[in-house]
Amino acid sequence: MKTTLLRLFIFILFCSTGFAQTTFLSPQNIDPDTGDEPLEIESGDLDGDGNIDLAMATFDAGGSLDYIKWYKNDGSGNFTIQPIISSTITWIDGLEIADIDGQFGEDIIVSSQNQNKVVCFLSDGSGGFGAETPIDNMISAPGEVKAGDINLDGNIDIIVPSFSEFKTVWYQGDGSGGFATEQIIQIDAGGIDTSYYVDVADYDGDTDLDVLVGIFKFPAPQKLEIYYNQYIESGSTAVTWIKDTQSVDDSMSRINDISFADVNNDGQLDVISVDYNSGDVIWYNKIKNGTSTPTVISDASIISNPAVARVVDIDGDALNDVIVTDFGTADDAIIWFKGNSNASPDSTPTTIFDNSIQMVDIAVADFDTDADNDIAVVGNFSDTVNWFENELITLSVEDVSLDGLKIYPNPTDDILHIKTERSDALNLTILDVVGKEIIHTSIKTKASIDVSQLEAGIYLVKFEGFDTTHKFIKN
């Protein structure tokens, strides 16, 4: 019920303040030279300042030098390139951001396909990262990396497939950056089905995390399988796994991306996949141990070789949309399909941008703290990182006299900072979404307001003498 009410408040707020149709600005460059063939990008608060930063990794299969780099965000979408985290780990095919040690900021976890290892870099509290710390130096050809609390002990665990060992494993985290030895989620003792793609979510709604696995077979078909975590069912501290009796899909030609997501906005998780060869982006309404109903979102007539699909609300209507990118150069580089309630997304996409840089991976987050989702991309051809600003919500643009206004961090947990370029005092009021006055104060140039006692939700900031109302989200 709380989620439903919050979505309703967001919808009412968007309608009442007259936000325009969703458009994206032209790409803003973050890194003009990543190193050859950037493959992975993820977002997270890497230095603990409340702003969403970015991390990127390259996979240059024809060379011997790859990079892990990160980009610090000032909260307004201004990114600065930080010192390189690593140039010694090669063929990086898995990149994840998660707080695995509970301090400073979120940490970075990567897998190296040809060095046969999974390692982490811990945020060091000084705006940087420590040395490479091994999680497993003996795993053969690891693929994607995902993080989640598998055994519900409050610590982040790591999930990784091993291409050459035909298995998917997880490592139990101790909450301080250390990990136990591997535990098996699935394995093909016959050496035929080899896992490479994974995702993690509570698919069956029992509060423990399940795992979606993309299985390669040579020759195809390839397939998608769900493995259910039996931690809750066991009634003990043991984690065991049971495979769904029916595959999500056993007819794919080349898997390139898979994930759990609520695609049809019915409140239940679905599965979405990207098939590079066929061009199909498909979502599946999968019943546990039952039928899997596929619906094509995008096919080869739209993007012949798709790269990834991301399911997220980008137009502010509280419904998930679907973003799809192009692995090749012949089609629109990045498009989105508008989501619908209790139904498939619209069949006609909207183009966000078209170029030939091969957007093989994207990260979606609010990079400029204006409460709408922006998009960051790696250009595999151009060796670049760029971000696209979503113009759905723009703070302060209607008040020329309030130029320089910054309200951050947004969302916030406890302190809301407000800065202006004005030298005179300004009276301001914070209201809840139904218009009730919560806080009244004044600022001169800047102020820090304690909002820690406010309930989670959306709040409005109104400046006396100005028509525009601004907003922030209290976590």
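These legends accompany close-up views of a predicted model. Local features need pLDDT of at least 70, side-chain atom pairs count only at pLDDT 80 or more, and totals for chains, interfaces and linings use all residues. Residues are numbered from 1 along each chain as its sequence is written, and side-chain values use heavy atoms, with hydrogens and water left out.

**View 1. Tyr 203 and its surroundings.** Tyr 203 sits in the loop between strand E14 (194–201) and strand E15 (210–216). Strands (E, at least two residues) are DSSP runs, numbered from the N terminus. Tyr 203 has 9% relative accessibility, so it counts as buried. Buried means under 20% relative accessible area, exposed means over 50%, and partly exposed lies in between (1.4 Å probe, protein chains only). Leaving aside neighbours within four places in sequence, the contacts of Tyr 203 include Ile 226, Tyr 228, Phe 260 and Leu 269. Contact means heavy atoms within 4.5 Å. Tyr 203 and Leu 269 are 66 residues apart in sequence, yet their C-alpha atoms are 6.0 Å apart in space. A polar atom of the Tyr 203 side chain lies 2.8 Å from the backbone oxygen of Lys 286.

**View 2. The salt bridge between Asp 193 and Lys 223.** Side chains of opposite charge can pair when their charged atoms come close. A salt bridge is a side-chain nitrogen of Lys or Arg within 4 Å of a carboxyl oxygen of Asp or Glu. By this rule the count is 15 salt bridges. In this one, N and O are 3.1 Å apart. Asp 193 lies in the loop between strand E13 (183–187) and E14, and Lys 223 in strand E16 (residues 222–229), so the pair ties together parts 30 residues apart in sequence. Asp 193 is buried, at 15% relative accessible area. Lys 223 is also buried, at 16%.

**View 3. The salt bridge between Asp 257 and Arg 310.** The N to O distance is 3.0 Å. Asp 257 belongs to strand E19 (residues 255–261) and Arg 310 to strand E23 (residues 306–312), so the pair ties together parts 53 residues apart in sequence. Asp 257 is buried, at 5% relative accessibility. Arg 310 is partly exposed, at 22%.

**View 4. The salt bridge between Asp 315 and Lys 338.** Here N and O are 2.6 Å apart. Asp 315 lies in the loop between E23 and strand E24 (321–326). Lys 338 lies in the loop between strand E25 (334–337) and strand E26 (350–353). Asp 315 is buried, at 13% relative accessible area. Lys 338 is partly exposed, at 31%.

Notes: Helices (H or I, at least four residues) and strands (E, at least two) are DSSP runs, numbered from the N terminus. A polar contact is a pair of N or O atoms within 3.5 Å; within protein, one must be able to donate a hydrogen and the other to accept it, and residues adjacent in sequence count only if both atoms are side-chain atoms.
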